Amino acid sequence: MIKFLKDRKNLVIILLGLLFAIKATQEGFRFAIWVISGVLLCSALDLLINNLFFKKVIFPNSAIISGFIVSGILGYRQPWFTLAIFSTLAILSKHIIRFK
């Protein structure tokens, strides 16, 4: 548990999850589904790209963070395909632009 909390990405995920939980109680079911689908879409796409192109299986920490940010910025009353487009762009840009 201590090792889990020492990683900064895990702390950001916990904090974004808390913010999501607070906001979901105010906004309702549609917002909760919107954010969960954004996080799941980013995570699934990141796992798929890593498995197909890089032949490795990872826990998608940065994809979860990207999913929270993208679905939090976009309005949840937008059509579903806007979330799909921007989530895909976020994950693809992560893999195209590499600094290491």
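**Core and rings**

Modeller: This is a predicted model. Its largest nonpolar core holds 14 residues, and Phe20, Phe31, Val35 and Phe68 have the most contacts inside it. At least two residues of this core come from each of α2 (8-27), α3 (29-53) and α4 (61-73). The most come from α3, with five residues.

Biologist: Which residues does Phe20 touch, leaving out those up to four places away in sequence?

Modeller: Phe20 touches Phe31, Ala32, Val35, Ile36 and Phe68. Apart from that core lies another, of five residues, including Cys42, Leu45, Ala63 and Ile91.

Biologist: How many aromatic pairs are there?

Modeller: The count is four aromatic pairs.

Biologist: What makes Trp80 and Phe81 an edge-to-face pair?

Modeller: Their ring centres lie 6.1 Å apart. The limit for a pair is 6.5 Å, so they pair. The planes stand at 85°. Edge-to-face needs over 60 degrees, so the label holds.

Biologist: Why is Trp80 called exposed?

Modeller: Its relative accessible area is 66%. Exposed means over 50%, so Trp80 qualifies.

Biologist: Why does Phe81 count as partly exposed?

Modeller: Phe81 has 43% relative accessibility. Buried is under 20% and exposed is over 50%, so Phe81 falls in between.

Biologist: Which residues do ring pairs link into a cluster?

Modeller: Phe20, Phe31, Phe68 and Tyr76.

Biologist: How do you know that the charged end of Lys56 sits over the ring of Phe54?

Modeller: The charged end of Lys56 is 5.9 Å from the ring centre of Phe54.

Definitions and conventions:
Residues are numbered from 1 along each chain as its sequence is written. This is a predicted model: local features need pLDDT of at least 70, side-chain atom pairs count only at pLDDT 80 or more; totals for chains, interfaces and linings use all residues. Side-chain values use heavy atoms; hydrogens and water are left out. A nonpolar core is a set of buried Ala, Val, Leu, Ile, Met, Phe, Trp, Tyr and Cys residues joined through side-chain atoms within 4.5 Å. Buried means under 20% relative accessible area, exposed over 50%, partly exposed in between (1.4 Å probe, protein chains only). Helices (H or I, at least four residues) and strands (E, at least two) are DSSP runs, numbered from the N terminus. Contact means heavy atoms within 4.5 Å. Rings of Phe, Tyr and Trp (its six-membered ring) pair if their centres lie within 6.5 Å; planes under 30 degrees apart count as stacked, over 60 as edge-to-face and the rest as tilted. A charge sits over a ring if NZ of Lys or CZ of Arg is within 6 Å of the ring centre and within 35 degrees of the ring normal.
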